[in-house]
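Here are my notes for you, written so that you can follow along with the model open beside them. Take the points in order and find each residue as you go.

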Amino acid sequence: MRTVWVLGDQLNRGISSLEGCDPAGTRILMVHARAKIRSKGFHPLRLALVRDAMTAFAGDLRAEGFDVDEREAAGFAAGLRAHRRAFGPGEVVAMEPMSWDGLRMLERLGVRAVRANQFLCHYEDFASWAAERGGRLRMEDFYREQRRRLGYLMDGDAPAGGRWNLDHENRDPPPRDGGTWRRVAPGWSSTRRGALARLRSFVAHDLPRFGTHQDAMLDDEWRLAHAVISPYLNLGMIHPREVCDAVEEAYRAGAVPIASAEGFIRQVIGWREYVWGVYWLRMPGMRDENALGADRPLPPALTGAPTRMRCVASAVEGVERRAYAHHIQRLMVLGNLGLLAGVRPSEMVDWMWESFIDGAEWVMIPNVIGMALHADGGRMMTQPYAAGGAYINRMSDHCGGCAYDPKRRTGDDACPFTTLYWDFLARHEERFTGNPRMARQVQGMRRLADLPAVRERAAEVLTALDRGDL
C-alpha cells in the first residue's frame, strides 16, 4: 500500500496526488508539525483554522473509507519517519508543496512529488510565458493571456463587454453616507461546505456591488463587499476554477454587471496567479531583495502600540481581531507606511505572513517585496505604490476624525503619510528620475518651496514612528 501525504494547504479531494486513489490501495498521512507552528508568531485564528480544516478534511477522507494517519510530530520529517516505521509504505507521494522550501523538503525526504493542480497556471508554464517575453513581466499581459486560455468572460475571441480591463470603473470612494453593507460574521469556517457556502453567498449578494467600491475603506465596515474567501483558496479548500465558474455563471445570467465580474476574475486569474508564478520564478533570491536599502525596524504601531493615525489603527485593529484586512488596507495603508518609512522588507514579510488568516510565503514575498515595498527595484511592478494622505482621504472615511490633516505636510498635525510621501521621493530622487511613471511625482517634489521643512518634519515623524509615539 502506498501513502499519499496531504499537506495543510492542500485540503481538497481534487488535488493531483489523490487523483485515481481508492481506499483499498492508499493510506493518507497528515502531519501537525510543532516546529512549523512555532516557527513564527502566527495569529491564533490562523493556527486554529489550519488545524481544524486539516482535521475536517481528514474526517471527509475517513468517511470515504480511507485510513488516515493524522499525527502530531515535532516536525514534518519526524512525522514521516514515524509513519514509515508504523506502516512501511511501498511509496510516499505528495502533491508539490506551495512553497519553495517545501519542495526541497520532499526531495530530501525521498517523497515523490506530483505536479500541482491547485492553480490554473502551473509555475513551469508561467516560467515559459515569461521566457517568451524575455523576462519582461507585465501583469496585464499575463491576465489577458489567462482570459484567452481559460475562456472566462470571453465572447469568441473578444473580451465580454468589449474591454479587457474595467479597473477605472472600480475605483470609486465610499458613498458619502457610508452606504449600507451586508453584515457578515467574521468567523472562519474549517469545512469545505462552509467555504462553498461563503462563496455562494458572496456571488449572490455581494458580487454585484463588489466592483465600484472595491478600493474603498471604512472605519465601521471591515468587509464591505469583499468575498473573504482567500483563506479557503490558499488552503485548497476551494479551487480557483470553482470561484471563476460561479462568477462567470452569475454574469451570464445577468445577475452581476461586467465591471464587478471582470474586476473579481482579474483578482483571481490575473493577480493571484501572477503572484504565484513570480514567486516560483524568482525564488529563493526574492526573499532577500532590498533594492531601496530600507533598514528601519517594523513600527510598533503595527504590533499593538497605540497610534493616532486613524487609518493605521483601523487596519491593525481588524488584523488583531479577525486576522484580516482587505487588499487596499494591506497595500495602501500598511504596505504604504512600510514603503514610505523604509521598513526592512524581511520584517514586513514576516509580520504579514504571521498576522493574516490567508498568510503564506508565496503570497507575502511577491506582494510585500515586489508590490508594497518596491524592494525588487521594479522587476514585478514598474511603479512603487506610494501615496500620501490625499489618497487615503479620498478612498476612506478615516481622515475626518483623525488627529492628522492629510492636506498638511509640515507641522505637528501634518499627516505622516503626506510628509513621508514627499520625503520618500526626495530620498530616492535619483532612482525615480529615470522612471517614466514617476517623472511627474518627482517634478512635483522638486517644486515644493518648503521641501527642507518637509524633510525636517519627516525625520521627526520617523523617530516618533520608531518609538511608537505617532
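1. Start with asparagine 170. In this predicted model, is asparagine 170 buried or exposed? Its relative accessible area is 0%, and anything under 20% counts as buried, so asparagine 170 is buried. You will find asparagine 170 in the loop between strand S7 (158–159) and helix H7 (192–210).

2. Now look at what surrounds that residue. Leaving out residues up to four places away in sequence, asparagine 170 touches Gly211, Thr212, Gln214, Asp215, Ala259, Glu262, Gly263 and Arg266.

3. Alanine 360 has 12% relative accessibility, and because the cut-off for buried is under 20%, alanine 360 counts as buried. Which distance separates the C-alpha atoms of alanine 360 and serine 99? The value is 8.3 Å, for two residues that are 261 residues apart along the chain.

4. Step back to helix H13 itself, residues 345–355. Its buried residues are Pro345, Met348, Val349, Trp351, Met352, Trp353 and Ser355. What do the buried residues of H13 pack against? Their partners are H1, H2, helix H11 (310–322), helix H12 (327–341) and H14. A general rule is handy when you look at any helix: an α-helix has 3.6 residues a turn, so residues three or four places apart point the same way.

5. Next comes the sheet. Five strands form an open sheet in the order S3-S2-S1-S4-S5, and the pairing is parallel. Why is one side of strand S3 (67–73) and of strand S5 (112–114) left without a neighbour in the sheet? S3 and S5 stand at the edges, each with a single partner strand, so one side of each has no neighbour there. On average, and with direction ignored, neighbouring strands of this sheet are turned by 30° against each other.

6. You can trace the pairing strand by strand. S2 and S3 run parallel and are joined by seven bridges; valine 31 has arginine 71 in S3 as its bridge partner. Two bridges join the parallel strands S1 and S4, and here threonine 3 has valine 92 in S4 as its bridge partner. Three bridges pair S4 with S5, again in the parallel sense, with valine 93 opposite arginine 112 in S5.

7. Please give S4 a closer look. Both of its faces are covered: Val92 and Ala94 on one side, and Val93 and Met95 on the other, are all buried. Helix H3 (residues 76–87) lies across strand S1 (2–5), S2, S3 and strand S4 (92–95). Relative to S3, helix H3 runs at about 135°.

8. On to open spaces. The second largest pocket holds about 850 Å³ of space. Its lining has 31 residues, and those nearest the pocket centre are Gly8, Asp9, Lys36, Arg46 and Phe76. Two or more lining residues come from each of strand S2 (26–33), helix H1 (34–38), helix H2 (44–63), helix H4 (100–109) and helix H14 (361–372). Which element gives the most to this lining? That is H2, with five residues. By class, the lining of the second largest pocket divides into 16 nonpolar, six polar and nine charged residues.

9. The largest cavity has about 80 Å³ of space, and among the residues that line it are Met309, Cys311, Ile392, Cys399, Tyr404 and Phe417. H11 and helix H16 (416–427) each supply at least two residues of that lining. The lining of the largest cavity has 10 nonpolar residues, one polar and one charged.

10. How many charged residues does the lining of the second largest cavity have? There are no charged residues, alongside eight nonpolar and four polar.

Note on methods:
Residues are numbered from 1 along each chain as its sequence is written. This is a predicted model: local features need pLDDT of at least 70, side-chain atom pairs count only at pLDDT 80 or more; totals for chains, interfaces and linings use all residues. Side-chain values use heavy atoms; hydrogens and water are left out. On a 1 Å grid over the protein atoms alone, a cavity is a set of points where a 1.4 Å probe fits but cannot get out, and a pocket is an open set with protein on both sides within 12 Å along at least five of seven lines; lining residues have an atom within 4 Å of a point. Grid points are joined across faces, edges and corners, and a volume is the space filled by probe spheres set on the points. Helices (H or I, at least four residues) and strands (E, at least two) are DSSP runs, numbered from the N terminus. Ala, Val, Leu, Ile, Met, Phe, Trp, Tyr, Cys and Pro count as nonpolar, Asp, Glu, Lys and Arg as charged, and the others, Gly among them, as polar. Two strands pair if DSSP finds at least two bridges between them. Axes are lines fitted to C-alpha atoms, for helices over the stretch in contact, and angles run from 0 to 180 degrees between N-to-C directions. Contact means heavy atoms within 4.5 Å. Buried means under 20% relative accessible area, exposed over 50%, partly exposed in between (1.4 Å probe, protein chains only).
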